[in-house]
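User: Please take a close look at one part of this model and describe how it is packed. Give the cut-offs behind each term as you go.

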Amino acid sequence: MTPGGAWILGVDSGGSGLRVALAAVDGATPAAGPPPRAAAARTFGVPVPTGPGGIDAGWLLERLASAARTLLAEAGAGGRRPVAVAVGAAGMAGLGDPLRAVLPGALRDALGVRRLALASDAVTAYAGALGRVPGTVVAGGTGLVALGTDLVRWRRADGWGHLLGDCGGGAWIGRAGLEAALRAHDGRPGGSPALLARAEALFGPVGGLPGRLYPRPDRAAVLASFAPEVARHAADDPVAADVLARAARHIAEAAAAVHPAGGAGDVALTGGLFRIGAPLLAPLRDELARRLPGARPVPAAGDSLSGALAIAAALAADAPALPREPGLLDTYGD
């Protein structure tokens with residue numbers, strides 16, 4: 001058990017940016033209890049770079065260490081160091097080797113951290129949304145991943161990134177909307193003049209869109225920025241409505257693929273994608289009811305950042321947590 005007044009850090013690294021939060025724990029935070037409330041937080045509005053070798057560990061470490069020192073000073077921590085850190089990162093399963101190789105030692109040297117969790121952002125989303133109960137969480141933002149557990153093992157569906165998957169996520173919806181705009185521009189079937197008008201208002205003449213979009217390292221986030229435009233037109237544009245209906249099918253398929261055997265358990269939706277509202281949520285509720293009739297939809301209790309804090313609190317308290325699994329939830333330290 002950690003001493004009273006200890007500090008922990010939670011980190012959420014996603015397709016739209018990096019967030020770091022500091023919280024205090026009393027050393028007795030139960031694994032199934034609510035996550036600690038953040039005392040302070042710092043946001044970086046650009047995503048952590050990813051190169052041929054994976055996630056850029058040096059870039060993340062530099063900003064995490066700097067943010068941690070700033071947050072501890074702002075909180076009046078008096079020179080104390082965090083006892084545990086949990087990092088949830090998009091792409092951790094397939095691209096996280098640099099983080100696993102660098103961060104355990106580097107955070108110990110830079111901040112004195114002795115307990116560290118490196119998790120997929122899907123795991124931190126699960127911890128924030130449901131805590132430690134069996135069920136399924138769909139995390140939707142720029143990308144999309146579904147994660148289910150019976151508390152013995154994890155099952156994951158999608159989360160393959162905007163080029164190979166993330167079907168139904170923000171980048172997928174935005175890309176489908178822009179495709180409909182380009183179809184209208186070309187005079188092909190399936191085009192949407194309304195979405196064409198919005199695309200040109202936001203991005204300029206669509207003839208130059210590939211040249212403006214393809215070289216950008218944040219192109220997934222740019223695609224996702226068009227998803228709300230698709231939702232705004234869904235009531236009056238059948239093409240936009242069909243994009244969201246297809247997204248709902250993809251999301252429900254991913255949830256059904258990972259839900260614990262037997263069909264019972266909670267299903268929670270978390271992430272900025274679902275702030276789109278009824279144009280997506282209405283068809284999604286229908287799809288979930290059809291594919292998972294025994295599941296209980298529940299509101300997400302928190303987000304990926306609060307989930308990272310919950311995992312860090314469990315580490316600090318030496319308490320049981322969610323299932324460890326290489327690439328999804330790895331822990332380090334005494």
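Analyst: Thr 270 has a relative accessibility of 6% and therefore counts as buried (under 20% relative accessible area; exposed is over 50%, partly exposed in between, with a 1.4 Å probe and protein chains only). The model is predicted, so local features need pLDDT of at least 70 and side-chain atom pairs count only at pLDDT 80 or more, while totals for chains, interfaces and linings use all residues. Residues are numbered from 1 along each chain as its sequence is written, and side-chain values use heavy atoms, with hydrogens and water left out.

Thr 270 belongs to strand β11 (residues 266-270); strands (E, at least two residues) and helices (H or I, at least four) are DSSP runs numbered from the N terminus. Beyond its neighbours within four places in sequence, Thr 270 is in contact (heavy atoms within 4.5 Å) with Ala 125, Ala 129, Val 137, Val 138, Ala 139, Gly 140, Ala 300, Gly 302 and Asp 303.

Next, the nonpolar cores. A core is a set of buried Ala, Val, Leu, Ile, Met, Phe, Trp, Tyr and Cys residues joined through side-chain atoms within 4.5 Å. The largest has 46 residues, and Ile 173, Val 230, Ile 251, Leu 273, Phe 274, Leu 280 and Leu 284 have the most contacts inside it. Elements giving two or more residues to this core include β9 (144-149), α5 (170-186), α10 and α11. The most comes from α10, with 10 residues. Leu 284, leaving aside neighbours within four places in sequence, touches Ala 248, Ile 251, Ala 252, Leu 269 and Phe 274. Another core, of 34 residues, lies apart from the largest one; Ala 125, Leu 147, Ala 308 and Leu 309 are among its members.

The helix pair α10 (residues 238-258) and α11 (residues 278-291) packs at about 40 degrees with axes 8 Å apart; axes are lines fitted to C-alpha atoms over the stretch in contact, and angles run from 0 to 180 degrees between N-to-C directions. By class, the contact residues are 13 nonpolar, no polar and 4 charged, where Ala, Val, Leu, Ile, Met, Phe, Trp, Tyr, Cys and Pro count as nonpolar, Asp, Glu, Lys and Arg as charged, and the others, Gly among them, as polar.
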